Amino acid sequence: MLKRLLYPSRFVFHYKPTYNSAQKLNNSQSFPFSWPLSVVSCRPINFSRVPAMADGGSPQTASPNPQKHTNRLAEEHSPYLLQHAHNPVDWYPWGEEAFAEARKRDIPIFLSIGYSTCHWCHVMEVESFEDEEVAKLLNDWFVSIKVDREERPDVDKVYMTYVQALYGGGGWPLSVFLSPDLKPLMGGTYFPPDDKYGRPGFKSILRKVKEAWDTKKEILVKSGVFAMEQLSEALAAVAKSEKLPDGLPERAVQKCAEQLADSYDSKFGGFGSAPKFPRPVEIQLMLYHKKKLKDNQMQGEAKHDLSMVALTLQSMARGGIHDHVGGGFHRYSVDECWHVPHFEKMLYDQGQLVNAYLDVFSLTKDVFYSSTSRDILDYLRREMIGPSGEIFSAEDADSAEFEGASRKKEGAFYVWTSQEIDDILGEHAPLFKEHYYIKSSGNCDLSRMSDPHDEFKGKNVLIERNSTSEMASKSGKPLEEYLKILGTCRNKLYDVRSKRPKPSLDNKVIVSWNGLAISAFARASKILKDEPEGTQYHFPIVGTNPRVYMEVAEKAAAFIRRNLYDEQTRRLQHSFRNDIYEFGGSTNWLAWAIELQQTQDKLFLDEEGGGYFNTPGEDPSVLLRVKEDHDGAEPSGNSVAVINLVRLASLVAPASDRYRRNAQVLLAVFEKRLRETAMAMPLMCCGADLLGAPSRKQVVIVGDKASEEFDKMLAAAHSSYNPNKTVIHIDTRDAEEIGFWEENNEKIAGMGKSNSAADKVVALVCQNFTCSPPVHDPSLLISLLD
């Protein structure tokens, strides 16, 4: 993968780089550095570069050396830190012991940040951190600190922001040199061990940093202080008004949609060029814009928006970025046709993609999208959920090709030779090979970017190049028989693949990523009830009763509350997005969401300037408090906060005005960004427009929650796509529930009592302080909502 991506994680060490951050290196290009290494001067920081964060690709890596050494990381819990516990580098975890050692010896800190499934991180470990010569340089001249960016995103954000702001590129591993008081001196990402392609190697860099520290320490330290002052001033943005100017939210949504449409790939789907990432926030924005167009009677434009989203999701599901054998999606595609992926699997991708496919199913009722949602959810249930309901973080891209192999390769667990397919599938091999474009020479030939250096020569990444119905017709078999054969074949391949050396599993439980998955499971539990009766499913889809998905969501949320929530301080270890209540959960979940919002306001809200910081500011070793706004692979905390505040304001009365005011001032903080760079924050654009909508639609359902009729009515309430909708359900026989509504929204409590019927489930649709007549039939509720 190193050769395929050609060093996408830019080396950003030089003071005056001339290298374009969008450019890619190849073997014949030299890297624009002058030697000796320049000292970073007090130059202005370009903050327009801050949001652009690149994910790196990955070459082959070797298995760890025998355990000749043991360092302090052996006592840590992070899978990533434990991977480095037997390096000859004298690693420290982030903490006062390391800082004190650097101050005592008056030497710089080398900070390396990564995560357990990061392929480039594995590469740098094998090439440099397991090398005795490199380790000696680090141990003699630096205090070396290793950080798991998923465990300490606050630390990662500080130094990633520094590297991005100065040089316009970033990624992992992040490599930064710090003064003993933690000010950044110089930084970069992946370094090869030795000089090549005109690019300085890690050993050369260590020598130059040592030389600069010995001879120009005062200038280095001053530059670090200056950089932190600039960053702190720029990132502590404050609102200049109480709310956004009239019309700006709508213009931001329109501008973002137009910019995405301009970057749309009409042949393969997706927004932008290779490498292609599934960025679900872009899908959310386009669907939101589509709904606005439809509401304004612009049917043609609305259909065009939906067609872009549909082709994107179809191409992804049929491409190699989708694991056809085991379910779920890989991190991104290195080519433009979604074929050859970076094989790592991340939980945050799975949760967001489920919701994207569910949304399009709600709009089209096409089971292609509901089945893809099930594919992801069933993958998570099969591979990523722990014994107590917790959902794990990620699976690595690398694995050994066979037991005992001395080297690991990216994708080894997932790729197939044509002969393997013949041996495993027998009589059905020809049909399967034609369907998934499997060739004896290997099939990674659809783009010059897929495999330019023949790393996958003779190997195949499954991809569907034609529709299933077209291929079934070509085979002369009925569609259902054809689908059944494909499912049986995938199951056989899964059984064989399960015996291969597996990629490593990062079994950390990240609360915010669990929140995204919990939302997906909860939504699926109701939206999938709208699938046509008799819909057939084939492996890796299980065909689960949608009710089971709610059980998964509640079990995961219960694990978090039990293990990662402090009842005394009311603190979670990370942010948490709670979607369980609206899809049929108890009001206990809604009460917890209100409690968490109070804690979020207490710890993170800038009461004077507006918006939410990414840290509570209690750790002096974290030098910056950032107000994040960039919606990238994960939505930003402020974007999610806006939408949560809007939703809570529609549910609970006492704090409604405060929630709306906090959301308005938050958005005012980012007025300039919404005006000028809307495409960088699509989810915040949606949130701003939702807040500015004249009135939110409320669906109120009253009845026996244990009844099948109630479940059908709740499914009907969620059957149509409408982000400007809140679903409220009340069982008036439940004293605790009625008590909750009497305390938090007397009008809702009153509606429940006045519409309660012993033998019926009642639904009302309310907007602009007016409610529809009560209905008792789910089909009538669907009509009202449409």
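Reader: Over which residues does pLDDT stay under 50, and how many contacts beyond four places in sequence does the model have there?

Author: pLDDT is the predictor's confidence in each residue, from 0 to 100, and a contact means heavy atoms within 4.5 Å. In this predicted model, local features need pLDDT of at least 70, side-chain atom pairs count only at pLDDT 80 or more, and totals for chains, interfaces and linings use all residues. Residues are numbered from 1 along each chain as its sequence is written, and side-chain values use heavy atoms, leaving out hydrogens and water. Here pLDDT stays under 50 over residues 1-64, for which the model has 198 contacts beyond four places in sequence. Where pLDDT is low, the predicted coordinates should not be read in detail. The chain averages a pLDDT of 89, and 91% of the residues score at least 70.

Reader: In what order do the three strands of the open sheet lie?

Author: Strands (E, at least two residues) and helices (H or I, at least four) are DSSP runs numbered from the N terminus; two strands pair if DSSP finds at least two bridges between them. The order is S9-S10-S13, with antiparallel pairing. S9 (345-346) and S13 (505-506) are the edge strands, each with a single partner, so one side of each lacks a neighbour in the sheet. Two bridges join S9 to S10 (residues 394-395); in S10, alanine 394 is the bridge partner of methionine 346.

Reader: Which residues have the most contacts inside the largest nonpolar core?

Author: A nonpolar core is a set of buried (under 20% relative accessible area, 1.4 Å probe, protein chains only) Ala, Val, Leu, Ile, Met, Phe, Trp, Tyr and Cys residues joined through side-chain atoms within 4.5 Å. The largest has 185 residues, and Trp94, Ile145, Tyr159, Phe202 and Trp741 have the most contacts inside it. Helix H7 (residues 202-235) gives the most to this core, with 11 residues.

Note on methods. Buried < 20%, exposed > 50% of the residue type's maximum accessible area, 1.4 Å probe, protein only.
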